[in-house]
Amino acid sequence: MDHESGEKEETPNKRLDLIEIYQKALDDLVNVNSLFTIAVFVGLSLAHPGEHSLEDRTECDADPDVAKRLVVFEVISFAFFLLSSLVAKTLKVHLNVYRQKNPRTIKLKIIRGTMLLLSAWGSIFGCVFLTMSMVDVIQIKVGKLSCGSVYAFRAAGSLIAIVLLALGIYVPFMMHAIYFSMTHRE
């Protein structure tokens, strides 16, 4: 304990442990983003103009606008995942460069917190756009939602419900962790 200021001194081992925790979390984020990026390219491979759905009615076939929207949503999703991954990798470099400095200084907290927020929100928006693109994949393969296809509604409804549940868990816990890392004092 620093007797002059009354604050606990942070030992180098404790500081390195904190950095290792951040680096592991950032590695995990990049790995998940990589899996989502694969899903983006799978979705892009499914965007064929003039493809007939599994519904027997031709009016249930998706029009070219759905395929175009699918490509746009996939590209936006890819861009958000790329942003998230690049910011996470940059933050890892930042943590290594400042490994020996006190990571609790206000300037480093702001930089680290901003980069963590940007990376987390990049993944969140990537998930939202990936979900929207997968709804379009469902409409292309199974049938348009406007046709009242039970299978299309089940697939799209299940997808949206599960993604909302996942984001409902991820967002508050991630935001709390980022807030805690920026405000917590040892």
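The side chain of Ser 84 reaches the backbone oxygen of Ser 119 at 2.6 Å. This is a polar contact, a pair of N or O atoms within 3.5 Å; within protein, one must be able to donate a hydrogen and the other to accept it, and residues adjacent in sequence count only if both atoms are side-chain atoms. Before going on, please note that this is a predicted model, where local features need pLDDT of at least 70, side-chain atom pairs count only at pLDDT 80 or more, and totals for chains, interfaces and linings use all residues. Residues are numbered from 1 along each chain as its sequence is written, and side-chain values use heavy atoms, with hydrogens and water left out.

**Around Ser 84**

Where does Ser 84 sit? You will find Ser 84 in helix α2, residues 64-97. Helices here are DSSP runs (H or I, at least four residues), as are strands (E, at least two), and they are numbered from the N terminus. Ser 84 has a relative accessible area of 0%, so it is buried. The cut-offs are these: buried means under 20% relative accessible area, exposed over 50%, and partly exposed in between, using a 1.4 Å probe and protein chains only. Leaving aside residues up to four places away in sequence, Ser 84 touches Leu 29, Asn 33, Ser 119, Gly 122 and Ser 123; a contact means heavy atoms within 4.5 Å.

**Aromatic rings**

A pair of aromatic rings is described by the distance of the centres and the angle of the planes. Rings of Phe, Tyr and Trp (its six-membered ring) pair if their centres lie within 6.5 Å; planes under 30 degrees apart count as stacked, over 60 as edge-to-face and the rest as tilted. By this rule the count is 4 aromatic pairs. Two of them are set out here.

| Pair | Centre to centre | Angle between planes | Class |
|---|---|---|---|
| Phe 73 and Phe 129 | 5.9 Å | 55 degrees | tilted |
| Phe 80 and Phe 125 | 5.4 Å | 35 degrees | tilted |

Phe 73 lies in helix α2 and Phe 129 in helix α3 (residues 106-141), so this pair ties together parts that are 56 residues apart in sequence. Phe 80 in helix α2 and Phe 125 in helix α3 also link distant parts of the chain, being 45 residues apart. Ring pairs join Phe 73, Phe 80, Trp 121, Phe 125 and Phe 129 into a cluster.

Lys 68 belongs to helix α2 and counts as exposed, with 53% relative accessibility. Lys 68 and Asp 136 are 68 residues apart in sequence, and their C-alpha atoms are 9.5 Å apart in space. Val 137, in helix α3, is buried at a relative accessible area of 7%. From Val 137 to Ala 67 the C-alpha distance is 8.0 Å, although 70 residues separate them in sequence.

**Annotated spans and helix α4**

The unreviewed UniProt entry places the feature "transmembrane region" at residues 29-50, 70-89, 110-135 and 155-180. UniProt positions are given in the numbering used here, feature names are shortened, and annotations may be inferred rather than shown by experiment. In the model, residues 70-89 are 100% helix and 0% strand, with end C-alpha atoms 28 Å apart. Residues 155-180 are likewise 100% helix and 0% strand, and their end C-alpha atoms lie 37 Å apart.

Helix α4 (residues 150-183) has 34 residues and reaches 49 Å from its first C-alpha to its last, close to the 50 Å expected at 1.5 Å a residue. That expected span is 1.5 Å times one less than the number of residues. The buried residues of α4 include Ala 152, Val 163, Leu 167 and Ile 178.
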